[in-house]
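I opened the model and kept notes on what I looked up. The entries follow in the order I made them.

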Amino acid sequence: MTSHSQRHRTTTLPFSYRDKGIDFDLDSFTVDDGDRTALELNPSQTEIDLASAVSSSDSSDGPDWDTITLHGKLRLPEETVQAVFPEDERAEPPAKLYVTTRCHETIYRDREVISEAPTTPGEYDVTLEVPKNTVRGTVELRPYLVRTEAHPGEEPNDYADQKNFRVASGTLYYVVVDRHEEEERAAIDGERVRFSQNAHLPDGNKLYYLDFRNESRPKLWINADHPRIAEVLQSRGSVGAEARMRDVILDQVSYGVWVQLLVRAGSAVDVEGEVEHEWQEMVLQTFARNLYDTNDVSEATHRLRDDLSDPQTLPHVMQRIDSELQEYIDPREQLIHLMEEGLQI
């Protein structure tokens with residue numbers, strides 16, 4: 001289900017460690033005693049939004065659910081065991097396998113032991129319960145392989161030898177269980193899929209595609225045929241080269257998306273200065289006044305419609321759109337941050 005980079009962390013610890021050494025896949029969930037529902041995650045997807053699935057249709061202040069249960073698999077590859085344990089321990093690795101649950105907002109931490117020592121290579125079923133009264137916002141789930149005893153005798157070279165040392169980990173999932181009331185739904189939906197496996201998406205090495213088949217709700221598709229790019233876009237950090245690269249990629253994508261949204265919204269303005277869809281209104285409210293240096297949205301939207309429909313003024317309005325988007329996105333800032341990181345990705 002998920003696709004991960006095979007790059008391993010080996011320089012920050014004095015012993016062999018595999019930070020992508022455990023395959024962790026979540027495939028379904030249940031809410032309280034409800035039916036089991038498939039997650040259908042895309043390649044490299046690590047954020048799981050369950051907020052709408054667990055919320056009720058009424059406006060009561062009480063909890064909409066008591067417990068979310070996530071189901072999946074953990075797989076410990078043979079190569080991971082060989083990489084993190086000396087030869088005399090590989091037949092029966094002195095380690096346990098567990099998944100940590102963490103919620104920063106409520107300072108909640110817990111772990112579910114999946115396999116007690118010895119933990120041998122193979123596949124393990126995972127069932128994780130997330131109680132409503134312990135979490136809020138986003139919950140983080142991550143598996144670890146941890147030594148359960150010290151290595152007897154002489155210290156083995158390049159291997160962890162002490163009890164409770166973590167020697168491998170897997171994918172970090174972010175499970176959104178609720179949102180603050182002030183958080184609004186995004187103007188357009190986004191999803192990562194393999195373009196090569198979807199006939200309605202363009203051929204070639206496209207990075208993204210803005211889909212207007214449903215004019216009332218455009219959808220942004222990110223091409224998961226580029227696994228390294230998709231992985232970087234899933235990064236949740238705020239510092240470091242990977243976070244900087246993510247921001248630069250997002251700036252590039254958002255520029256192209258905003259151009260299309262602006263042109264389509266401006267072209268959709270009717271003689272009364274109105275548009276049909278909510279996203280069109282949002283786009284015009286955000287940009288039209290700045291394009292024409294006026295506080296009157298109606299005047300700005302009429303002028304945008306007229307300029308887009310006139311071949312004589314079209315090149316000039318596109319130049320204005322380019323200038324406005326450069327001000328809005330400010331790609332220079334993220335590029336400077338990336339260069340300051342030395343492109344160390």
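I started with Ile222. At 9% relative accessibility, Ile222 counts as buried (buried means under 20% relative accessible area, exposed over 50%, partly exposed in between; 1.4 Å probe, protein chains only). Ile222 lies in strand E13. I took helices (H or I, at least four residues) and strands (E, at least two) as DSSP runs, numbered from the N terminus.

Before going on, I noted that this is a predicted model, where local features need pLDDT of at least 70, side-chain atom pairs count only at pLDDT 80 or more, and totals for chains, interfaces and linings use all residues. Residues are numbered from 1 along each chain as its sequence is written, and side-chain values use heavy atoms, with hydrogens and water left out.

Which residues touch Ile222, leaving aside its neighbours within four places in sequence? I listed Glu191, Arg192, Val193, Phe195, Leu207, Tyr208, Leu233 and Val253. Contact here means heavy atoms within 4.5 Å. I also checked Arg192 by C-alpha distance: Ile222 and Arg192 are 4.6 Å apart in space and 30 residues apart in sequence.

Next entry: Thr100. This residue is found in strand E5. Thr100 counts as buried, at 16% relative accessibility.

Is Arg102 buried or partly exposed? It counts as partly exposed, at 33% relative accessibility. I found Arg102 in a positive surface patch with Arg109, Arg111 and Arg166. Patches are made of residues with over 30% relative accessible area and no salt bridge; like charges are joined within 9 Å, nonpolar side chains (Val, Leu, Ile, Met, Phe, Trp, Tyr) within 5 Å. Lys and Arg count as positive and Asp and Glu as negative, while His and the chain ends are not counted. I placed each charge at NZ of Lys, CZ of Arg, CG of Asp or CD of Glu.

I then turned to salt bridges (a side-chain nitrogen of Lys or Arg within 4 Å of a carboxyl oxygen of Asp or Glu). Side chains of opposite charge can pair when their charged atoms come close. By this rule I count 12 salt bridges.

I looked up Arg75 and Asp23, whose side chains meet in a salt bridge at 2.5 Å, N to O. Arg75 lies in strand E4 (residues 67–76) and Asp23 in strand E1 (residues 18–31), so the pair ties together parts that are 52 residues apart in sequence. Arg75 is partly exposed, with a relative accessible area of 37%.

Arg36 pairs with Asp27 in a salt bridge, with the closest N and O atoms 3.9 Å apart. Arg36 counts as exposed at 53% relative accessibility. Asp27 is partly exposed, at 34%.

Glu215 and Arg264 form a salt bridge, the closest N and O atoms being 3.8 Å apart. This pair links distant parts of the chain, 49 residues apart: Glu215 is in the loop between strand E12 (208–211) and strand E13 (219–223), and Arg264 is in helix H4 (residues 241–267). Both ends are partly exposed, Glu215 at 29% and Arg264 at 38%.

Last, I wrote down the totals. The protein has 8 helices and 13 strands. Buried residues make up 43% of its 345 residues. Among contacts between residues at least 6 apart in sequence, 67% join residues at least 24 apart.

Terms used
Areas by Shrake-Rupley, 256 points an atom, 1.4 Å probe, with all protein chains shown as cover.
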